[in-house]
Amino acid sequence: MALPTVKLFSLALKSISKPIAARLKQQAGIHPKFRNLIISLAQANHRISTTLQRQLYGHSTNVEIRPLNEEKAVQAAVDLIGELFVFSVAGGLVIFEVQRSARSEARKEENRRQEIEGIKQREDDLLKEVELLRQRINELEKLSRGRGLAGIPNFKQGQPAEATNPI
């Protein structure tokens, strides 16, 4: 019952995260302080990614990189924020699912361990019972040797043969 509910909840959370990300992107472009912060982050991201691309393709990296215009920087930053939000929600759900699975596996392992302990205990009990039966057999063999071959038929659960076989 809990598993379908958890799966349904995670699917709903993933679906809800996309409109929330869109709303975050919209609000990020409006607030002036946040706007300045995301513009500087977008410019830094642009410089790093351009430098890495130039290194990857073997082009010169000591060339001055032109900054993005303000609107492109804002758009790039809010897209990044939206994607990071959706990614963090999905990553959180994956972590939650892995932890839930690990707890479930730990419970199964504990049940297996208890079952093995029960089997070992039963085995020990059976070994004790076998040992007790061996001792009784040895005692019976000693008693039968003392009476000779004629005493074997007379020894039936501690009663003489006359009591068990009425003639």
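How far apart are the end C-alpha atoms of helix H3 (residues 70-147), and what span should its 78 residues give at 1.5 Å a residue? They are 114 Å apart, which agrees with the 116 Å that the helix should span. The expected span is 1.5 Å times one less than the number of residues. Helices are DSSP runs (H or I, at least four residues), numbered from the N terminus.

This is a predicted model: local features need pLDDT of at least 70, side-chain atom pairs count only at pLDDT 80 or more, and totals for chains, interfaces and linings use all residues. Residues are numbered from 1 along each chain as its sequence is written, and side-chain values use heavy atoms, without hydrogens and water.

Within H3, the buried residues are Ala73, Val74, Ala77, Val78, Gly82, Val89 and Leu93. Buried means under 20% relative accessible area, exposed over 50%, partly exposed in between (1.4 Å probe, protein chains only).

Leu93 also belongs to the lining of the largest pocket. With Ser10, Lys14, Val94 and Glu97, Leu93 is among the closest to the pocket centre. Helix H1 (2-28) and H3 each supply at least two lining residues. H1 gives the largest share, 6 residues. The lining divides by class as follows.

| Class | Lining residues |
|---|---|
| Nonpolar | 7 residues |

The UniProt record, an unreviewed entry, annotates residues 116-143 as "coiled-coil region". This span is 100% helix and 0% strand. Its end C-alpha atoms lie 40 Å apart.

Asn62 sits in the loop between helix H2 (32-57) and H3. Asn62 counts as exposed because its relative accessibility is 69%. Asn62 and Thr51 are 8.8 Å apart, C-alpha to C-alpha, and 11 residues apart in sequence.

Notes:
1 Å grid on protein atoms, 1.4 Å probe; cavity = no way out; pocket = protein on both sides within 12 Å on 5 of 7 lines; lining within 4 Å. Nonpolar A, V, L, I, M, F, W, Y, C, P; charged D, E, K, R; others polar. UniProt positions renumbered as here; feature names shortened; annotations may be inferred.
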